There are 2 protein chains.
Amino acid sequence: MALIVQKYGGSSVGTLERIKHVASKVMQAKQEGHDVVVVVSAMQGETDRLIQLASALGPEPDPREYDMLVSTGEQVSMALLAIALNTKNCPARSYTGPQIGIMTDRFHTKARILDIKTDLLHRELSEGYVVVVAGFQGKNERGDTTTLGRGGSDTTAVALAAALKAHECHIYTDVDGVYTTDPRVIPEASLLSHISFEEMLEMASLGAKVLQMRSVELASKHNMPIRVLSTFSNNNMGTLVTFEEKIMQKRLVSGIAFSREEAIIAINGVPNRAGIEGYILGQISDANIEIDMIAQNATDKDTTDFTFTQHRKDYDKTLSIMQQLGNELGAFSVKTNPKVAKLSLIGIGMRSHTGVASKMFKALGDVGINIQMITTSEIKISVVINEDCLEKGIRAIHEAFELDKLSTEKQQVFLEL
Amino acid sequence: MALIVQKYGGSSVGTLERIKHVASKVMQAKQEGHDVVVVVSAMQGETDRLIQLASALGPEPDPREYDMLVSTGEQVSMALLAIALNTKNCPARSYTGPQIGIMTDRFHTKARILDIKTDLLHRELSEGYVVVVAGFQGKNERGDTTTLGRGGSDTTAVALAAALKAHECHIYTDVDGVYTTDPRVIPEASLLSHISFEEMLEMASLGAKVLQMRSVELASKHNMPIRVLSTFSNNNMGTLVTFEEKIMQKRLVSGIAFSREEAIIAINGVPNRAGIEGYILGQISDANIEIDMIAQNATDKDTTDFTFTQHRKDYDKTLSIMQQLGNELGAFSVKTNPKVAKLSLIGIGMRSHTGVASKMFKALGDVGINIQMITTSEIKISVVINEDCLEKGIRAIHEAFELDKLSTEKQQVFLEL
């Protein structure tokens with residue numbers, strides 16, 4: 001007997017049939033003896049429909065009213081799920097974010113949760129109800145409805161789980177869990193039985209869109225284990241995202257994340273004086289362009305090479321700024337490549353194991369891929385390569401680290417309920 | 001400068017174009033210097049769509065969750081109207097019924113308003129906002145969302161107007177106001193410039209579906225004038241529904257209401273003993289059949305004739321009950337007619353004027369219509385006639401009382417703002 005928070009996304013509640021299916025999954029957890037709080041997103045397509053209505057009235061809808069409007073999407077699905085549960089004689093009560101006491105800051109359309117009142121939740125649970133909560137929303141100090149921004153339902157679920165000290169937070173999606181890399185690109189990708197918060201954050205920030213980043217941060221902060229599961233398959237336990245100490249079986253690396261549509265810009269032979277890097281990046285950020293990776297090499301004591309990557313959409317604007325800067329600073333050259341991709345190997349194990357980087361670079365070299373830039377963090381090595389080599393590169397590293405064989409460890413690391 | 005509560009129905013906010021049009025009407029009132037509170041219904045078709053979703057999940061959706069679901073319809077239209085107003089630089093804030101403080105009893109799907117908190121309303125109005133309120137909903141003591149039942153937005157508007165001591169409550173619909181009779185039946189029908197609460201209640205209960213009856217009762221109780229107006233026409237002042245003393249120009253009669261699909265049942269020669277009427281009607285109500293008109297004639301001191309009408313749908317059931325009763329009581333005969341209609345002449349003036357009834361009966365007689373039953377109240381005379389004579393009867397009375405000439409008085413009785 002434990003307290004479980006379950007979250008079902010928009011595709012999981014996208015039709016009445018699916019809502020009935022979700023109801024049966026909720027009842028299963030209830031029948032296993034658990035207290036259950038369910039967080040739901042809006043039915044697939046509903047939020048977009050509401051946003052289109054608002055947009056048709058003018059270019060910048062009033063943010064307070066925009067939140068009032070779009071928050072109805074979750075209210076519809078929560079009520080329908082509660083109706084489905086009650087129809088099956090499973091007592092359930094639904095609550096909007098404001099009603100259940102999810103308190104946020106005042107920033108409409110991108111509010112952050114500040115506090116969750118748990119009195120009402122505890123009372124309803126103790127009376128045997130399944131509590132169904134609308135995801136993605138709360139209220140500010142004035143009592144106005146706020147929304148948490150896209151994907152905010154994951155955050156609602158984790159915040160509720162943390163506030164209630166739940167046993168686990170289950171995030172149901174349309175994928176089976178977290179894979180070693182995107183299975184649409186590498187079919188041999190393995191489903192991970194577990195992954196650490198830190199690894200998941202690196203995966204999420206690098207484009208693996210299973211969980212919203214903020215929800216992983218929040219889970220990590222509160223040591224709240226998240227299990228990513230498929231709504232549509234009963235046959236696996238998904239992926240447990242948890243804190244490192246709970247993971248009994250250590251792995252060297254856990255997965256490969258990647259992002260396409262990057263551009264790389266290098267300015268070489270810049271006079272090496274204090275503050276030069278800040279000056280260069282200041283010009284870029286003044287133009288509202290976001291930078292991704294940054295690397296600097298000292299080539300000799302008088303000059304320096306400075307390289308960064310960014311999303312390809314801003315490439316032309318950046319190029320003209322950098323050419324001007326090159327002239328102004330008397331740089332040796334400005335070299336760019338607008339058709340690159342980023343590939344990152346992630347693993348908590350690499351902290352204590354040397355040789356991960358060299359094995360990765362060797363794997364890429366063996367298939368003839370030229371590395372154009374490297375950055376590293378404690379649990380991640382990222383490289384920039386030509387975009388048309390991306391798949392070949394992922395596969396080479398996937399094989400070198402035998403990531404396709406991870407599946408066999410699947411059943412070993414689940415926390416006991 | 002006054003405080004006006006405006007209410008727009010589902011067809012008035014049925015599309016984004018119409019919502020923009022409503023915004024311009026609200027702004028017009030605001031520009032005339034008034035404080036404005038706007039009550040909106042759900043966009044046309046939306047409530048039905050939500051009800052269908054609930055019904056598809058089971059035959060009897062949980063009432064609390066049903067209210068949670070259907071109350072989103074008004075929330076969408078209120079937010080869209082507030083967005084439209086803000087887009088046009090008219091500061092507006094929308095509130096659900098629960099948020100603004102509309103307190104109801106605990107009866108889901110048919111709650112009654114018990115109290116309205118006005119602090120927030122007054123604060124928003126004093127800061128210059130148009131306050132847009134979702135109609136048809138409130139919250140009970142537990143904080144759960146309740147709905148007032150179909151047409152409840154009229155009631156919300158009148159209750160808000162009464163609580164705020166508004167100058168008038170404007171109900172915008174898709175008709176121009178209240179007519180002397182249904183203009184689809186009698187094209188010569190006149191638009192009434194004014195009508196008393198009592199007359200309006202008689203009209204409403206007799207099938208003129210312009211205003212929800214409960215809202216008229218509430219307005220009458222609180223002496224809150226209601227003006228019924230067309231959303232789509234700027235050229236008339238609609239119909240003012242108000243208390244009798246405010247109406248400067250008295251009329252003999254105000255209109256003709258009617259209802260089709262009635263059936264009449266008469267039991268004749270029943271032994272006349274105390275309680276016999278209650279015994280007969282008890283049999284009918286035990287079968288869950290609703291009775292409309294009732295009349296009794298004492299024919300001689302030993303027996304009595306007892307006649308009533310009801311909706312035609314229950315006719316067969318009633319007939320068999322009455323035939324049994326006739327045998328049991330030894331009645332002389334049971335006479336019925338399942339194809340009759342009710343026609344009622346309504347007018348506060350008839351209280352003090354004799355001759356209204358005889359003029360009405362003569363008008364019907366002149367066109368060869370046989371009256372099968374008569375009942376009267378202080379401001380109403382109702383007759384039952386064959387359904388196929390209904391139109392001819394309405395027209396005859398309409399002409400006899402010169403109701404087609406009422407339009408000329410139109411501009412005379414408006415209350416000053």
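How many bridges join strand β3 (residues 92-95) of chain A to β6(A), and do the two run parallel or antiparallel? Four bridges join them, and the strands run parallel. The legends below describe close-up views of a predicted model.

**Figure 1. Strand β6 of chain A and its two partners.**
β6(A) spans residues 130-134. On one side β6(A) is joined to β3(A) by the four parallel bridges already described, with Ala92(A) as the bridge partner of Val130(A). Strand β2 (residues 35-40) of chain A is also parallel to β6(A) and is joined to it by four bridges. Val39(A) stands opposite Val133(A) in this strand.

**Figure 2. Burial of strand β6 of chain A.**
Five of the five residues of β6(A) are buried. Val130(A), Val132(A) and Ala134(A) lie on one side of the strand, and Val131(A) and Val133(A) on the other, so that both faces are covered. In soluble globular proteins, nonpolar side chains tend to be buried together.

**Figure 3. The eight-stranded sheet of chain A.**
The sheet is open, its pairing is mixed, and its strands follow the order β3-β6-β2-β1-β9-β11-β12-β10. β3(A) and β10(A) (194-196) stand at the edges with a single partner strand each, so one side of each has no neighbour in the sheet. Direction ignored, neighbouring strands are turned by 20° against each other on average.

**Figure 4. An antiparallel pair in the sheet.**
Strand β11 (residues 226-230) of chain A pairs with strand β12 (residues 239-242) of chain A in the antiparallel sense, over three bridges. Val228(A) stands opposite Thr239(A) of β12(A).

**Figure 5. Nonpolar cores.**
The largest nonpolar core has 116 residues, and those with the most contacts inside it are Val38(B), Leu81(B), Val133(B) and Leu160(B). Among the residues that Val38(B) touches are Gln6(B), Tyr8(B), Val26(B), Leu81(B) and Val133(B). Another core, of 115 residues, lies apart from this one and includes Ala84(A), Leu121(A), Tyr179(A) and Ala54(B).

Chain A is superposed on chain B by a rotation of 180° with 0.0 Å of shift along the axis, at an RMSD of 0.1 Å. This is the relation of a two-fold axis. The same surface serves both copies, since 100% of the contact residues of chain A recur in chain B. Thr72(A) is the residue of chain A that comes closest to the rotation axis, with its C-alpha at 2.9 Å.

**Figure 6. Domains of chain A.**
The domain assignment gives domain 1 (3-174) and domain 2 (256-404) in chain A. The C-alpha centres of these two domains lie 40 Å apart.

Technical notes:
Residues numbered from 1 in each chain as written. Chains lettered and ligands numbered in written order. Predicted model: local features only at pLDDT ≥ 70, side-chain atom pairs only at ≥ 80, totals over all residues. Domains from an automatic or database assignment. Buried ≥ 20, exposed ≤ 12 C-beta atoms within 10 Å, placed from the backbone. Pairing = 2+ DSSP bridges. Core = buried A, V, L, I, M, F, W, Y, C linked by C-beta atoms within 7 Å. Contact = placed C-beta atoms within 7 Å. Least-squares fit on C-alpha atoms with pLDDT ≥ 70 in both. Axes fitted to C-alpha atoms, helices over the stretch in contact; angles between N-to-C directions. Lists of a residue's contacts leave out its neighbours within four places in sequence.
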